[in-house]
Amino acid sequence: MRIWFASGNEHKKAEMEKLLGGYDLILPKEAGIEFNPEENGDDFASNSLIKAEALWNIVHEPVLADDSGLCVKALGWKPGVHTARYGEEEAGRKLSDREKYMLLLKNIEGIDDREACFVTSLTLILSPFRRYMIQETCEGTIALTPSGTNGFGYDPIFKVKEAGGVIAAELDGDSKNLYSHRGKAARRLRLLIDSEV
Ligand code: IMP
């Protein structure tokens, strides 16, 4: 089965292909399609559906879309869908990953309850009448200080509950995939796609 991936990010595509183990994904830009839908949903599921529908309306073939982020209890479960741009509106410029997670640490400084979770929402559209949404989490807590060099984004400040509290940036790639929101969602998606072919 040929599946379009509603993203512009080659790194994400390669990661998802690896997690799905054997299915090739096609990015819109690889077919010369300009794809930049406005992700204005209030939650991860809405945003992944917005992206999947937008691409379906162009290609009319099976499409997959994802949306993910970090939800922190002490911040009212934010930044959520705004994770990628955390702090940038106030700063008036792009922030590096490190600037973003250091800002988050500052914003919950002194707070004891540091519960948090990463969330991924995947939407698969096989036809206008056959749509699937999988949403998974990686539960954990926000560390007091950053640590580790693996991974990306907020990994240096996220302690993975299922890994006994090890910081995500200290896990190797395979261990992270075992526990991560994306790894869990992709394994479920794979079962679903496997049952189609
Ligand atoms: P996206 O919607 O998948 O691009 O992710 C939104 C933001 O969430 C990204 O900018 C990342 O910083 C953050 N994020 C998502 N998943 C992870 C993860 O597994 N580790 C660290 N940060 C993540």
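The structure is a predicted model, in which local features need pLDDT of at least 70 and side-chain atom pairs count only at pLDDT 80 or more, while totals for chains, interfaces and linings use all residues. Residues are numbered from 1 along each chain as its sequence is written, and side-chain values use heavy atoms, with hydrogens and water left out.

Of the 14 residues around the ligand, those that come nearest are Ser-68, Asp-155, Lys-176, His-181 and Arg-182. Strand E3 (63-72) and helix H6 (181-194) each supply at least two residues of this shell, and E3 gives the most, with three; helices (H or I, at least four residues) and strands (E, at least two) are DSSP runs numbered from the N terminus. Polar contacts, for which a pair of N or O atoms must lie within 3.5 Å, are found at several points. An N or O atom in the side chain of Ser-68 is 2.5 Å from an oxygen atom of the ligand, and a polar side-chain atom of Arg-182 lies 2.8 Å from a ligand oxygen atom, whereas Tyr-154 brings a backbone N or O atom to 3.2 Å from a nitrogen atom of the ligand. Of the 480 Å² of accessible area that the ligand has on its own, the protein covers 86%, as computed by the Shrake-Rupley method with a 1.4 Å probe.

The ligand sits in the largest pocket, in the sense that more than half of its atoms lie within 2 Å of the pocket's grid points. A pocket is defined on a 1 Å grid over the protein atoms alone, as an open set of points with protein on both sides within 12 Å along at least five of seven lines, whereas a cavity is a set of points where a 1.4 Å probe fits but cannot get out; lining residues have an atom within 4 Å of a point. About 980 Å³ of space lies in the largest pocket, and among its 39 lining residues Asn-9, Lys-12, Asp-67, Ser-68 and Ala-84 lie nearest its centre. E3 again gives the most to this lining, with four residues, and by class the lining has eleven nonpolar, 15 polar and 13 charged residues.

The second largest pocket holds about 270 Å³ of space, and of the 16 residues that line it, His-11, Glu-15, Gly-173, Lys-176 and Asn-177 are the closest to its centre. The structure also holds one cavity of 30 Å³ or more, and about 40 Å³ of space lies in the largest cavity, whose lining includes Asp-155, Lys-176 and His-181. That lining divides into seven nonpolar, two polar and two charged residues.

The backbone geometry deserves a separate look. Most residues other than glycine have a negative phi, and most peptide bonds are trans. The peptide bond from Lys-78 to Pro-79, however, is cis, with omega near 5°, and Pro-79 lies in strand E4 (residues 78-79). In the loop between E3 and E4, Trp-77 has a positive phi of about 65° although it is not a glycine. His-60, also not a glycine, has a positive phi of about 50° and lies in the loop between H2 and E3.

Technical notes: Near = heavy atom within 4 Å. Polar contact = N/O pair within 3.5 Å; in protein donor to acceptor, adjacent residues only side chain to side chain. Points joined across faces, edges and corners; volume = space filled by probe spheres on them. Nonpolar A, V, L, I, M, F, W, Y, C, P; charged D, E, K, R; others polar.
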